[in-house]
Amino acid sequence: MDTEDLLAGLDPEQREVALATRGPVCVLAGAGTGKTRAITHRIAYAVATGVVNPAHVLAVTFTVRAAGELRGRLRGLGGGAEAVRASTFHSAALRQLTYFWPRVIGGRPPKLIESKLPLLRETARDMRLRLDGPALADAVTEIEWAKVCQVHPGSYAPSALSAGRAPSAGVEDVARLYQAYEQLRRERQLIDFESVLELTAAILCTEPAMAREVHAAFRHFTVDEFQDVNPLQKLLLDAWLGGRDDLCVVGDPQQTIYSFTGATPSYLREFAADYPGATVLRLVRDYRSTPQVVAVANRLGSARGGPGEQGGSLVAQRPPGPEPSLSRYADEEAEAAAVAAQAAALIGRGVPPREIAILVRINAQTERFEQALAAAKVRFAVRGGERFYERPEVRQALVLLRGAARAESDGADEALVPGDLPAAVRHVLASAGLSVDPPVAPGAARDRWESLAALAALAQDAAAARPQTSLADFAAELGRRAETGHAPVADAVTLATMHAAKGLEWDAVLLPGLAEGIMPIVHARTPAAVEEERRLLYVAVTRARQHLHLSWAAARAPGGEQVRQRSRFVGGLLPGSAASPAPPAARDTAAEARR
């Protein structure tokens, strides 16, 4: 693309972002406004016009999938933009730590642990603390919060109490666990993900020669989802910058939903104060959702200064669609059955199953919807489980496909049909267990078949998009997807938590469980915690493109006392829905959530 082509497909606000080629720049981007498009075109335009050298640009985000999307977009724009390094904070830091460790510390770098649970379980056993799985998982969350907030073991208890944190094991026992975990980790020369950021920042802050190398390598920075930055990531970013200001940040304060992990939108909100003279731009044209869905989002956000933080409400760009609905059910069982029936009806009206999502507040809510969907004979997939490319059958399939690609190039496998990618992939996967029909009974065999069928469907899509795709091309593409965590989308209704839905979108979104004690969650007792719950619902609402259905149940079980109240956030969201009454006291809310 030439420079004018890079700008041609952008709206006026996105164009402003692309033209702001030198930092400091702050882009306040509402949901569905095309922020990824804007920032990738900004980088590509800066490269194409010679403002920046692509080898000196570092674009960072929070997930492997998001980093992979950035790389894919930049590769598609070409013109040198494909040479830009797009990475997660942790991946960029680990690369630097591994490089500098032998020179600064000496010897081989410590081993990275993927999970704290095994070490923490051992620590708890040595301390004779009897903690079950949920309590240990809770302790992991607390230790990670403490480490990203730079709270050391000796300061954890008072800091946790001050922050209103209440781990199930108690702050004193978690403090002891934290101290023992850190000691055992160091003794065994292990590092966790927080240590990677901390040690990299420490090297850059204390070793001028190493800092000069990084500063020479990276001179222009872009940070996506800046509202989710935590203090430790900000410390590392400042070390990378080294006092320079060629920084572009992109985010939306209204989508801050990870405060419990230490993330804070304050860095985004205060960017202009931290960088006087910064260019502040706003994206408000929503290309994702219909005017009806956008109206719900705007009402929800503006109730506590939401889209107003971005300088105005979202402006829908799509044609009108169906009106969102709000339903009350007698109990959770009736609600689950009705939601499953809604999903089936949407499928019957032509909405693909993979374009439907049921989003709940917590994982514990998914079980009843799984049962209801199964009873309604609606295929579904629970999002947030094991990573697709880490499944044994998928890893085996990748090995088989690479081997078959080599055999095809050598002409060694006569069963492979040149030019028929789907047939070739099905032939290869048959040896791994892919049959024409799926196993009838649910379980491991059915799960294995579903994984292999998803790979076969990807081959079908690849051949449709590019008929000349070879088996070698397909195997290489799967390798790239495995690196970026880009799993295939099953042709099934998605069942996920609202947190797991961040960054995704569907044609139809069903939001059940909107009762006090669930939304906001019962333990959201401070004004700040309640506002985070409101933002979480805002994120869930803005996942919908066309269809949006909200619901709540007045009782937990059939025949139970119908004393629950609908969520305080729901009142006034839809035409004809009156404002919700004042919420009950915290202890009453907790009791109602159990009924």
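Trainee: Leaving aside its neighbours within four places in sequence, with which residues is L511 in contact?
Mentor: With those neighbours set aside, L511 is in contact with L359, M498, L537, A540, V541, L548, H549, L550 and S551. Please keep in mind, as you read this and what follows, that the model is predicted.

Trainee: Which residues have the most contacts inside the largest nonpolar core?
Mentor: As a general idea, nonpolar side chains in soluble globular proteins tend to be buried together. Here the largest nonpolar core has 38 residues, and those with the most contacts inside it are L359, M498, L511, L514, L537, V541 and L548. At least two residues of this core come from each of α15 (291-302), β12 (356-360), β15 (506-511), α22 (527-541) and β16 (544-553), and α22 gives the most, with seven residues. Apart from this core lies another one, of 37 residues, which includes M210, V214, L247 and A278.

Trainee: What should I say about the protein chain as a whole, for instance how many helices and strands it has?
Mentor: The protein chain has 23 helices and 16 strands, and 51% of its 595 residues count as buried. Its accessible surface comes to about 26400 Å², with 52% of that belonging to carbon and sulfur atoms. Where contacts join residues at least 6 apart in sequence, 78% of them join residues at least 24 apart.

Trainee: In what order do the strands of the sheet containing β15 stand?
Mentor: The strands of a sheet pair through backbone hydrogen bonds, either parallel or antiparallel. In this case six strands form an open sheet with parallel pairing, in the order β11-β16-β15-β12-β14-β13. At the edges stand β11 (325-329) and β13 (380-382), and each has a single partner strand, so one side of each is left without a neighbour in the sheet. On average, neighbouring strands of this sheet are turned by 20 degrees against each other, direction ignored.

Trainee: Which strands does helix α16 touch?
Mentor: Helix α16 (residues 332-348) packs on this sheet and touches β11, β12, β14 (493-497), β15 and β16, while its direction makes about 160 degrees with that of β16.

Trainee: How many aromatic pairs does a search of the whole structure find?
Mentor: The search finds nine aromatic pairs. A pair of aromatic rings is described by the distance of the centres and the angle of the planes. For Y99 and F100 the ring centres are 5.0 Å apart and the planes stand at 65 degrees, so this pair is edge-to-face. The two residues can also be read by accessibility: Y99 counts as partly exposed at 47% relative accessibility, whereas F100 is buried, with a relative accessible area of 3%. Elsewhere, ring pairs link F62, F89, F221 and W240 into a cluster.

Trainee: Turning to loops, is A169 buried or exposed?
Mentor: A169, found in the loop between α8 (153-162) and α9 (171-187), is buried because its relative accessible area is 16%, which falls under the 20% limit for that class. Setting aside neighbours within four places in sequence, A169 is in contact with L131 and V174. From C-alpha to C-alpha, A169 and L131 are 7.4 Å apart in space, although 38 residues apart in sequence.

Trainee: Where does S435 lie?
Mentor: S435 lies in the loop between α19 (421-430) and α20 (444-465), and at 35% relative accessibility S435 counts as partly exposed. The C-alpha atoms of S435 and L452 are separated by 9.3 Å, these residues being 17 apart along the chain.

Definitions and conventions
Residues numbered from 1 in each chain as written. Predicted model: local features only at pLDDT ≥ 70, side-chain atom pairs only at ≥ 80, totals over all residues. Heavy atoms only, no water. Phe/Tyr/Trp six-rings, centres within 6.5 Å; stacked < 30°, edge-to-face > 60°. Buried < 20%, exposed > 50% of the residue type's maximum accessible area, 1.4 Å probe, protein only. Helix = DSSP H or I, 4+ residues; strand = E, 2+ residues; numbered from the N terminus. Contact = heavy atoms within 4.5 Å. Areas by Shrake-Rupley, 256 points an atom, 1.4 Å probe, with all protein chains shown as cover. Core = buried A, V, L, I, M, F, W, Y, C linked by side-chain atoms within 4.5 Å. Pairing = 2+ DSSP bridges. Axes fitted to C-alpha atoms, helices over the stretch in contact; angles between N-to-C directions.
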